[in-house]
Amino acid sequence: MKINLSHVIDRGRASEEEIMSLVSCDVSDSLLAAASELRDREHDDIITYSRNVFIPLTHLCRNVCHYCTFTSSPRSGQAVYMSPDEVLAVAEAGVKAGCTEILFTLGDKPELRYRRAREELSHYNHRSTVSYLVEVAERITSETGLLPHVNPGVATADDIQALRQVSVSQGLMLESASERLCQKGGPHYGSPDKNPQSRLQTIRLAGEQAVPYTTGILIGIGETRAERIESLLRLRELHDRYGHIQEIIIQNFRAKPGTKMYNAPEPSVDEHLWTIAIARLLFGGKMSIQAPPNLHECGPNRFIDAGINDWGGVSPVTLDYVNPEAPWPQLDSLAVGTSLAGKTLIERTAVYPEYIFPEDLWLVPEMRTRTLAMVDAQGYVRTDSWSPGKSVQPPSLPGNVNGSPHQHNDSFVSLISKAMDGNDLDEGEIVQLFNARGRRFDRVRSAADQLRHDVNGNTVSYVINRNINYTNMCYFHCGFCAFSKGRAARSLRGRAYNLEIEEIIRRTQEAKDRGATEICLQGGIHPSYTGNTYLQFCRSIKTAFPDIHIHAFSALEVCHGAETLGISVQQFLRQLRDTGLHTLPGTAAEILDDEVRAQICPDKISTKQWLDTMKAAHETGLSTTSTIMYGHVDRPWHWARHLLHLRTLQKQTGGFNEFVPLPFVHMKTPIYTKGGARKGPTFREAVLMHSVARLALHPFLTNIQTSWTKMGPQGAMACLQAGANDLGGTLMDENISRTAGSLHGQEMPPQQMESMIRSIGRVPLQRNTTYGVEV
């Protein structure tokens, strides 16, 4: 049959019959273009790699592959296994060089062939190489934090299960499904572990145990093109069944001195490209297709054109011990080469993003916790030590480095223009903006800042206010909260308190004496509070201070108050309004997606309840703020859904005065200390939240605030140059971020705010709560 590549692209991958029709074809522009288009639909402009340290735990092997120089025989006076201390020394060098992965490669079952191997294993109190590998991997992870990827060879179900406890991924190259290559005269003759059925059985067992798995084929060792396709089809069958293959490596044979295949011809670059393209067509766009960057000298762009999306492990510390004659490329030059092909080079861990986030599926809890601490919302490596609330200098913002004109492709530029024109964006389009890196990031940030200037001018506003958190006692169990205090948390967060009304009045007087125009009241949901408690707060403050603006009560507190009084939310809001409440904070929104809320605040109000409460407030004449609390278990599509909810409601009511991104401060929160969350957003993500909000909410919500208590002064200034126009309140008493671990203080006096605003060439403007000008 003749293949129609456009039909393959439409369906997402090729059938066996279609792919076999390409056995005799040359590498054509149309073939490469189809492979690239499938790749780009899933991976967009991202090409990944892992920064690793390579550990050849032993060079002994019971197999005798005719092309291999990795294996060797025992030598007198030399150990045949690396000792744990030797591995630790190399691993620590890897940590200093910024590695996140430790790659264990070793020969197959040397103890079955060599007495020396059995003796050395006995010295370490082990009977098998795999058992020793488990011990070493566990120690290295606990002492260095590196994430192990293990290549143990053909393995049993028990081996795979033991290694699953101490690694994030495992691997075994199929190399070829052709049994012909195991016959006499073939490259695998005399190598029992190269039997294709044994290797496929190992890959199947890994699938049964939900192990993220790396495999692939070795081309140019005597197989035919049809046999290559058959090998890939066998792998596809296993992946279709178990979903566990995280990457397919298409590796080219290299003829090495001292091997039986030294004089064998190496596959050409075109043959390699053809195989990569075939693999992409067979597996579709989502699969990661990898080609080692050090085994050809043609440059990265040709492999990218053929459909790869990953370069594999690249070590700044150790050799490629399988191909020691081929040094790793320098990461800077690899980034430049990738960029010249129109892509952005991004670091990943040893486990691909889609295998990190599902809980209790692909990773054991300890390995998942360690991995979550290393990654951002897309599952890629955090490349700096900044987190919200930490006293760490923010990294310099990316963009305008190693760029290529290709990165400013027409569709992405059009997407930004669409947002700036005030048109509605859909979820996928907003996710594209959140995923921006490199020059795309710079484009989003610059567009948001220009839009901010067009809408808000050159001013940065702020309000003089005081936070009064009237109680830290709460019977809800929000995993992200280190402020609230219930019975089970007394040992974690100090003493409980519940302010008397007299103390609230005293603090209000103190704030008024210092020029505050707003009092912000929020707290935990105290078991004894009712709607009357909240009404009394308003009544007492308004009686004592008729001109103070009361900004109080989240949607959760409003729902709680209404429920305790047995009235509707709208009736309770009217009562609050009539006793002095002016506006509501948009907190308790967290992430407006019930999938996330089920993980971080399962007993809190739902997305619908929050939105309904805000709508009721607006209809009652009470304007509100809106917020997002992000950077924990959420992903970019959750952020997009959140913004779409806000845009939809704002178009209906116009009741939101501002949008306030609140990055998750992780340090002392239950969900993080129990291993279930990331370390808050990265700095790039935090800046993007302000930029994308400016674009996605335009023109309906015009004020974007940055939180100095969470971003820090330097981070807040970066956000003011990326779409934000407001610095929030002076606060006087900020407790919620502080109890979660923030080190950015509880108050920023007006003079300091104005100095910070002027330092970036902007004009400070004191406002009131509803963005009127204070004079």
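A residue counts as buried under 20% relative accessible area, as exposed over 50%, and as partly exposed in between. The model discussed here is predicted.

Q: Why is Asp44 called partly exposed?
A: The relative accessible area of Asp44 is 30%. Buried would require a value under 20% and exposed a value over 50%, so Asp44 is partly exposed. Asp44 is found in the loop between helix H3 (29-43) and S1.

Q: Is Glu590 buried or exposed, and what makes it so?
A: Glu590 has 7% relative accessibility. The cut-off for buried is under 20%, and Glu590 therefore counts as buried. Glu590 lies in the loop between strand S14 (583-584) and helix H21 (594-600).

Q: What describes the peptide bond that joins His698 and Pro699?
A: The bond is cis, with omega about 5°. Most peptide bonds are trans. Pro699 belongs to the loop between helix H25 (683-697) and helix H26 (708-720).

Q: Why are H19 and H22 called roughly perpendicular?
A: The axes of helix H19 (residues 555-565) and helix H22 (residues 607-619) cross at roughly 85° and come within 9 Å. Angles of 65 to 115 degrees count as roughly perpendicular, and the two helices are therefore roughly perpendicular to each other. Ala555, Val558 and Cys559 of H19 make the contact with Trp610, Thr613 and Met614 of H22. By class, this contact has five nonpolar, one polar and no charged residues.

Q: Why is the pair of Tyr81 and Tyr132 called edge-to-face?
A: The structure holds 15 aromatic pairs. In the pair of Tyr81 and Tyr132, the ring centres are 5.7 Å apart and the planes stand at 85°. Centres must lie within 6.5 Å, and planes over 60 degrees apart count as edge-to-face, so this pair is edge-to-face. Tyr81 lies in the loop between strand S1 (46-58) and helix H4 (84-96) and Tyr132 in helix H6 (residues 129-144), so the pair ties together parts that are 51 residues apart in sequence. Both Tyr81 and Tyr132 are buried.

Q: How do you know that Arg225 lies over the face of Trp274?
A: Arg225 is at 3.9 Å from the ring centre of Trp274.

How values were computed:
Residues are numbered from 1 along each chain as its sequence is written. This is a predicted model: local features need pLDDT of at least 70, side-chain atom pairs count only at pLDDT 80 or more; totals for chains, interfaces and linings use all residues. Side-chain values use heavy atoms; hydrogens and water are left out. Axes are lines fitted to C-alpha atoms, for helices over the stretch in contact, and angles run from 0 to 180 degrees between N-to-C directions. Helices (H or I, at least four residues) and strands (E, at least two) are DSSP runs, numbered from the N terminus. Angles under 35 degrees count as roughly parallel, over 145 as roughly antiparallel, 65 to 115 as roughly perpendicular and the rest as oblique. Contact means heavy atoms within 4.5 Å. Ala, Val, Leu, Ile, Met, Phe, Trp, Tyr, Cys and Pro count as nonpolar, Asp, Glu, Lys and Arg as charged, and the others, Gly among them, as polar. Rings of Phe, Tyr and Trp (its six-membered ring) pair if their centres lie within 6.5 Å; planes under 30 degrees apart count as stacked, over 60 as edge-to-face and the rest as tilted. Buried means under 20% relative accessible area, exposed over 50%, partly exposed in between (1.4 Å probe, protein chains only). A charge sits over a ring if NZ of Lys or CZ of Arg is within 6 Å of the ring centre and within 35 degrees of the ring normal.
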